[in-house]
Amino acid sequence: MGEKGSKASSLIMVDAALAQVGKNLSEAMRILGDGQMEPDAGTESRRFSRTSIPGPLQGDGQDVTTILHLVHHLIHEEEDEEDERDKASQPIQNVGEQGHMALLGHSLAAYISVLDRERLRKLTTRILSDTTLWLCRIFRYDNGSAYFHEDDRDGLVKVCRLAINARYEEYTTEGYAVLSSRQPVIYQSASCRPGLGQHLCNQLGLPLSSLCTVPCNTIFGSQHQMDVALLDKLIKEDTDAGKLPLLLIANAGTPEAGHTDKLSRLKELCDQHGIWLHVEGVNLATLALAQVTSAVMGATRSDSMTLTPGRWLGLPAVTAVTLYRHEDPALSLAAGLTSSQPVEKLRALPLWLSLQYLGHNGIVQKIRHAAALSQHLLLKLKSVTCIRTSDGLEKRISLAEALKMVEDEQNSPVVLFKFSQESNAGGSGGSVDGLCAGEKEVLDTFNGWMGEQLAQLVPSSGVDVVELEDEGTCVRFSPLLTAAVLGTQQEDVDEVVQKLLELVPMISATMNLRQDFREETHRHAPSLTYIEELSWPGLGAVRYESQAEGADESRRKQEQKKVNDALLTKLQELDTDIVFSTGPDFEMEENCIFVGMVTDDVDVSELVDTISTLGRDIEESGRILENMTERVRKGILEAELQLQKASEDKLLEEGMLRQLPVVGSVLNWFSPVESSIKGRTFNLAAGSLDSTDVTYSTKVQAGRTSLQDTPTLSAKRLSGQRLFRRPGAGSDSMSETSSVGPADESSRAESFTVSPNIHPSMSMSPPETAEHAEACFRPPGLHGNPEQVEAEQERQPEGQEVDLSGR
């Protein structure tokens, strides 16, 4: 009775502990969720921000809630500094209920690991057996064993070690010395993951000479499938050379294009030469469907294959699985595929919980949904003009292989497409063979831009950009890797097609007008220089060349940068849909203006004319400003000398006694003296000093004009008008470009006078500089440093005068 009561008490404690684990996980998910912080926790953000800097461990412990709030802050602390558009373009993972089960599995694994050894052994054995059985049945891999690993490459390392133990009988006792008699050779496709073979050799301690890369088909068949005939030839050559063909890595869905190797033929070849066949790739997920292509079905006969159910089903932090067949458990244990430690078997716990939560139907439904999304997009793209899909990216193939590729494409979960002006309405024609190197690079640039725009406009679609060796840059849609995580639906695919229909005409128009833009720019030489930039997705790049003569190289570059910066600012202020920028950050050319994407109604001639006109106006305005500045400085120096001479004459006329503060006041009271210093006006246009007698005799300052009345470019443009549109292209097209010019100069003069009653102690002395004189004789309304004064003086109308009388 006591033993039964002890067991019941133990079960109650276990149930309570499990319930607490689930409760703690739910609370942690609530706190760590975006926007789920408690109100009072937000007030402690300052304290969290200070503790975000690494430092010593605090002496007093903290409760779980405080630590979770700190983790939440560390996750989201950079969000306020990010650009809103970049945040919107970043896809957010959809964890979902099945994701919560996977996270719960990690918590339970930590809890289960502290159970007594016997209970732990029974539980881990059951978890491992169930998960292995379920996966082998779902993915049609009969009589297989499973190895669960965090790094998806680790399973390949372990099966390769198993193959070494199986082929080299003395390897367990002699070690690597046995390999020197017959060097093992590992074969991989040229379309395998980059760095996979090198990683395998490094982990096994094999030289890189043990790695043999098999090229893909170059004449017939898919350009991403391994050349079986060439592989057979390489195997025979290695065998004749005394080497041991050990392992072949094949693809059921290449990383970039999603193509499947001829697995059935490869299996026959491996059986003939005693080679271990390992298969990996995203297309292995389709083995769970009712209808599977014959190419992918060949993977079920392989010696091992690696699955990534976490990515396919949207399960966070779930291990990859390598299924393999081998009859000797001792060799599997030696290779590290099995373990006698029960704790290591707990790696399967998150997947064990998630598979039970989804069920067989739920797993198949997720994979079927991803495959349906691919087929839906492929069907939609067939009707989009200038878009080539996967079947149009191949070279010459036989009729049988063409029918086989059509079958594989219709069931492949990976869709590749790209823009091509040679494509027909069916979307599968055209070729890039006839393009020169420059045209291919331009086409790749525009396809990369198209993929980036689609990813930003429809982030839940999961499209990305891939670089293929022969086809160049393509846009890839692989829903098996993204749909479960991002929650992609058929509406998202329809939105991708809709955005594509908007982008394709713009890309086509821009590529067609690039040559016109180049020719128009050359027509405006030497004032404009066309910059050949093949990696810029836009109309092109141009630079305004300064026409200054006699200047050294550094001064010329400085002036060129100043003019082009001002020109870019002016162009960005224009009322147009065209984007002007400084180009990519890595651009080597300096002082360039990059013109973005355009539509087919853009008048390139008017655009280039406006760029040239604005650049010339900016340069002439700068030259006028420099000349006016020099005139002003010379006039101020002359005025300084005249005022100094007038002050000296006044001193001689009035005498020294009148200059004393008290005595001078008494003498002036008894005997007033009329000053002989006359006022002066400074003509900014002529740069000359004139007398103020005429001004004060008429009591009118001629030509008084406010600086605010100067006409500007924006005042001459009507609201709502668009520039650079050809006549008849729309209601907002502009036919006149004369408004894009400098403001008309006024012929009226403005002056200010210098008071003749200047005390000698306040007059300028000869050692004072011209800059000081500029500050003293600054016209009204021109405040600040000399550079600001020069900028204000630039807006003075022609013939305007500055009165230096001080009134």
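Some ground rules before we look. What you have is a predicted model, where local features need pLDDT of at least 70 and side-chain atom pairs count only at pLDDT 80 or more, while totals for chains, interfaces and linings use all residues. Residues are numbered from 1 along each chain as its sequence is written, and side-chain values use heavy atoms, with hydrogens and water left out.

When I say helix (H or I, at least four residues) or strand (E, at least two), I mean a DSSP run, numbered from the N terminus.

Let's start with a helix pair. Two packed helices are described by the angle between their axes and the distance between the axes. Here, helix H7 (residues 117-138) and helix H17 (residues 349-381) have axes that come within 10 Å and cross at roughly 35°. The axes are lines fitted to C-alpha atoms, for helices over the stretch in contact, and angles run from 0 to 180 degrees between N-to-C directions. The crossing of H7 past H17 is left-handed, meaning that the near helix is turned anticlockwise from the far one by less than a right angle.

Who makes that contact (heavy atoms within 4.5 Å)? On the H7 side you'll find Ile127, Asp130, Thr131, Trp134, Leu135 and Ile138, and on the H17 side Leu349, Leu351, Trp352, Leu355, Gln356, His360 and Ile363. By type, nine of these residues are nonpolar, three polar and one charged. In that count, Ala, Val, Leu, Ile, Met, Phe, Trp, Tyr, Cys and Pro are nonpolar, Asp, Glu, Lys and Arg are charged, and the others, Gly among them, are polar.

Now for the inside. A nonpolar core is a set of buried Ala, Val, Leu, Ile, Met, Phe, Trp, Tyr and Cys residues joined through side-chain atoms within 4.5 Å. Buried means under 20% relative accessible area, exposed over 50%, and partly exposed in between (1.4 Å probe, protein chains only). The largest nonpolar core has 67 residues, and Phe139, Tyr187 and Met305 touch the most other members. H17 gives the most to this core, with eleven residues. Leaving out residues up to four places away in sequence, Met305 has contacts including Phe139, Tyr141, Leu284 and Val321. Another core, of 30 residues, lies apart from it, and among its members are Ile387, Phe446, Val496 and Val504.

E10 and strand E11 (residues 472-477) run antiparallel and are joined by five bridges, and Glu467 has Thr473 in E11 as its bridge partner.

E12 is joined to strand E13 (residues 540-544) by four bridges, and Tyr530 stands opposite Val542 in E13.

Last, some backbone spots to look up. Most residues other than glycine have a negative phi, and most peptide bonds are trans. From Ala525 to Pro526, though, the peptide bond is cis, with omega near 5°, and Pro526 sits in the loop between H21 and E12. Asn143 has a positive phi, near 55°. That residue lies in the loop between H7 and strand E1 (145-149), and counts as exposed at 74% relative accessibility. Ala317 also has a positive phi, near 55°, and is partly exposed, with a relative accessible area of 48%.

Thanks, everyone!

Terms used: Contact = heavy atoms within 4.5 Å. Pairing = 2+ DSSP bridges.
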